Amino acid sequence: MITMMRVDDRLIHGQVAVMWSKELRIQRIIVASDAIAANELQVSALKMAAPAGVKAAILPIDKAAGVINDPRAKDMRILVISNNPEDLLKVAEKIEEKPVLNVANYGRIGGNLSEKTKVAESVYLTEHDKEVIEKIGNLGIEIIHQPLPSDTKQNFQKMMGGK
């Protein structure tokens, strides 16, 4: 079962590896990205960043969805992460579950910030990003902004100026 999906430029890092994994009692982290799964150096680094006792899998989108849909995953506590909302939309379209999506740290790395809208201190979106996030919401997925477990959970679609 997916306990959370998260958009985070940094993928597996201190907040995810330590705080969220502990808070959500995560057993497996799945990084869902065709591009990252094809980069052996990134795959190795991300696997090493996972906390003790938590298995990290860096998988292409289709394979990630297959693992999530596998009946054996039903009893696992899984955190699915990508560094862009488009990958998570593709995953969400291929799975039965409707987990919460946490848009936490996104948009500050790469690209021109002047072409993006600041939605939160740690989130900058293009118009395309907003459209993709709306599509995720239209699948019946709750979208929040909560960088740390101790932060107040906020309705991300309202933060973007939506519902």
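Which residues does glutamine 15 touch, not counting residues up to four places away in sequence? I began there. The model is predicted. I found glutamine 15 in contact with Arg6, Arg10, Trp20, Asn105, Pro147 and Leu148, once residues up to four places away were set aside. Glutamine 15 itself sits in helix H1. I then checked its distance to leucine 148.

I followed H1 next. This helix covers residues 14-24 and lies across S1, S2, S4 and S5. I noted its angle to S1 as about 155 degrees.

I traced the sheet itself. It is open, with 7 strands in the order S3-S2-S4-S1-S5-S8-S9. I recorded the pairing as mixed. At the edges I found S3 (55-59) and S9 (154-155), each of which pairs on one side only.

I looked at two pairings in detail. S1 (residues 2-8) runs parallel to S4 (residues 78-82), and 5 bridges join them. Within this pair I saw methionine 4 opposite leucine 79 of S4. S2 and S3 are also parallel, again with 5 bridges. There I saw arginine 28 opposite lysine 55 of S3.

Of its 5 residues, 4 are buried, so S3 is largely enclosed by the rest of the structure.

**Cores**

I moved on to the nonpolar side chains. In soluble globular proteins, such side chains tend to be buried together. The largest nonpolar core here has 33 residues. I listed those with the most contacts inside this core: Met5, Val80, Leu101, Val103, Leu125 and Phe156. A separate core holds 21 residues, including Val31, Ala56, Ile81 and Ile144.

I took leucine 101 from the largest core for a closer look. I left aside its neighbours within four places in sequence. Its contacts are then Met5, Arg6, Val7, Leu88, Ile136, Ile141, Glu142, Ile143 and Ile144.

**Helices H4 and H5**

How do the axes of H4 and H5 cross? I compared H4 (residues 61-69) with H5 (residues 85-94). Their axes come within 9 Å and cross at roughly 40 degrees. That angle makes H4 oblique to H5. I noted the crossing as right-handed. On the H4 side I found Ile61, Asp62, Ala65, Ile68 and Asn69. These meet Asp87, Lys90, Val91 and Lys94 of H5.

**Positive phi**

I finished with the backbone angles. Most residues other than glycine have a negative phi. I looked up two residues that depart from this.

Leucine 11 has a positive phi of about 60 degrees, although it is not a glycine. I placed leucine 11 in the loop between S1 and H1. Is leucine 11 buried or exposed? Its relative accessibility is 4%, so I count leucine 11 as buried.

Arginine 25 has a phi near 55 degrees, also a positive value in a residue other than glycine. I placed arginine 25 in the loop between H1 and S2.

Terms used: Residues numbered from 1 in each chain as written. Predicted model: local features only at pLDDT ≥ 70, side-chain atom pairs only at ≥ 80, totals over all residues. Heavy atoms only, no water. Pairing = 2+ DSSP bridges. Helix = DSSP H or I, 4+ residues; strand = E, 2+ residues; numbered from the N terminus. Contact = heavy atoms within 4.5 Å. Axes fitted to C-alpha atoms, helices over the stretch in contact; angles between N-to-C directions. Core = buried A, V, L, I, M, F, W, Y, C linked by side-chain atoms within 4.5 Å. Buried < 20%, exposed > 50% of the residue type's maximum accessible area, 1.4 Å probe, protein only. Parallel < 35°, antiparallel > 145°, perpendicular 65-115°, else oblique. Left-handed = near helix turned anticlockwise from the far one by under 90°.
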